[in-house]
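Here is a short report on how the parts of one protein model meet. Look at the structure, then read on.

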Protein chains: 2
Amino acid sequence: MPDRPTQILEAAARLIARRGVRGLRVEEVSAEAGVSTALIYYHFKDRTGLLRRTLEFINRRAVRYTDAAFDLSDDPRTQLTEILLRELQDAPDVRENSAAWGELRATAVFDPDLRELLATATREWNDDLAGLIHRAREADPALSGVDAQAAAERLTALVEGVSERWLSGTTSLQRAHELIRGAVEAELRPA
Amino acid sequence: MPDRPTQILEAAARLIARRGVRGLRVEEVSAEAGVSTALIYYHFKDRTGLLRRTLEFINRRAVRYTDAAFDLSDDPRTQLTEILLRELQDAPDVRENSAAWGELRATAVFDPDLRELLATATREWNDDLAGLIHRAREADPALSGVDAQAAAERLTALVEGVSERWLSGTTSLQRAHELIRGAVEAELRPA
DNA sequence: GTCTATAGTGGGATAGAC
DNA sequence: GTCTATCCCACTATAGAC
């Protein structure tokens, strides 16, 4: 059994996925976690504090299921594709994560406080991916014309765009995966 | 001088770009438009009604500046690139549009009422782009391997992702344009 | 650390005059 | 069609007991 603060964070993460960052009500979190609202204020100071900690919590959790892609294969191209595909899955915690991430991005447009958290996480993601593309390029000389950094930025941006369409019901999960695979092929193609 | 409802919609569009859909206060809109809050309820029934009409208003307006890309050149590839680049500009009304569009997408994840509006507009955008890619393919036989529909969906999704990064200050406007140009090249490349 | 009870308030919505 | 005035509720946040 996790400790109280963690239980509250888990409840908050679930609710962000259902209602969004902006729709998150402290009272709802307390009900979902089975505690009083006062306890939330005791542990997290105010709504903003709860929000920040929840976003960090979700971010830490995301790394876990993405990293599993590395055990799947030694081929950097396969790893790359898997990492991107794993951002969109029908599992509850992955959906939670994508939804929260989308909310963070959307909220950061109007809330400068969140921008640093967003920028840092985005940079790490881009750099990780650029590293994999770099390795894929070394393994296959035909790819020498690929700009690893730019390709990485385009792929992550595309995944974010596709993710939002998936979450909003505009695009099916299957189609989303096809689009991502197609994008990897288009980017990692001899010039 | 536009009529009152239009003035209100213009004010609401400006405010959505500044505060977001969720941050939109009816009272603020009334102040910005120089009318009473009661008048807004008279014309739009409630806050949701105002929101819907504003989103539609913004959508109609967006078509105008994008369509100007067709006068620029007869080359479908140039038109295609221009259409995408024009989604991200430093002009106030374009920024307003991108911000509102981003908010619509993000909000639709949690608000089924907005999904239809979003899905229709997205489909039209994709189809327009797919048409251009189709024409580019006919003009250049080397592109015969390109799946116009899929490429269009990937490009629009990428533009949405890049747009969000631009608006949230994660990526500069210049870099955003580079990424879009690069994506067009990656997609419209002989197989 | 955790609760119950309640204060405070921002902002959506309406009544009624003109 | 448009305004002034006001109601009222949903939410955040705190006080104080245990």
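## Where the chains meet

Chain A and chain B together bury about 3,500 Å². Of that area, 56% lies on carbon and sulfur atoms. Three residues stand out on the chain A side: A:Phe110, A:Arg154 and A:Arg165 supply 20% of what chain A buries against chain B, more than any other three residues. Keep in mind that this is a predicted model.

The contact involves 45 residues of chain A and 43 residues of chain B. There are five salt bridges between the two chains. In one of them, the side chains of A:Glu153 and B:Arg175 meet, with 3.1 Å from N to O.

## What chain A brings to chain B

Several helices of chain A take part. At least two residues each come from α1, α7 (92-108), α8 (115-139), α9 (148-167) and α10 (173-187). Helix α9 of chain A gives the most, with 13 residues. By class, the side of chain A that touches chain B has 20 nonpolar, 10 polar and 15 charged residues.

## Two domains in chain A

Chain A is assigned two domains: domain 1 (1-59) and domain 2 (68-191). Their centres, taken over C-alpha atoms, are 27 Å apart. Domain 1 of chain A puts 11 residues into the contact, and domain 2 of chain A puts in 12 residues.

These two domains bury about 1,000 Å² between them, with 65% of it on carbon and sulfur atoms. A:Arg22, A:Leu55 and A:Ile58 supply 42% of the area that domain 1 buries against domain 2, more than any other three residues.

## Links between the domains

One salt bridge is counted between domain 1 and domain 2 of chain A. A:Arg22 also forms a salt bridge with A:Glu103, and their closest N and O atoms are 3.2 Å apart. On the domain 1 side, α1 (4-19) and α4 (47-67) of chain A are the elements that give two or more residues. That side has six nonpolar, two polar and three charged residues.

## A closer look at A:Arg47

A:Arg47 lies in helix α4 of chain A. A:Arg47 counts as partly exposed because its relative accessibility is 29%, between the limits of 20% and 50%. Leaving out residues up to four places away in sequence, A:Arg47 touches A:Val21, A:Arg22, A:Leu24, A:Val26 and A:Tyr41.

Note on methods
Residues are numbered from 1 along each chain as its sequence is written. Chains are lettered from A and ligands numbered from 1 in the order in which they are written. This is a predicted model: local features need pLDDT of at least 70, side-chain atom pairs count only at pLDDT 80 or more; totals for chains, interfaces and linings use all residues. Side-chain values use heavy atoms; hydrogens and water are left out. Domain bounds come from an automatic or database domain assignment. Contact means heavy atoms within 4.5 Å. Buried area is the accessible area (1.4 Å probe) that two parts lose on being put together, summed over both. A salt bridge is a side-chain nitrogen of Lys or Arg within 4 Å of a carboxyl oxygen of Asp or Glu. Helices (H or I, at least four residues) and strands (E, at least two) are DSSP runs, numbered from the N terminus. Ala, Val, Leu, Ile, Met, Phe, Trp, Tyr, Cys and Pro count as nonpolar, Asp, Glu, Lys and Arg as charged, and the others, Gly among them, as polar. Buried means under 20% relative accessible area, exposed over 50%, partly exposed in between (1.4 Å probe, protein chains only).
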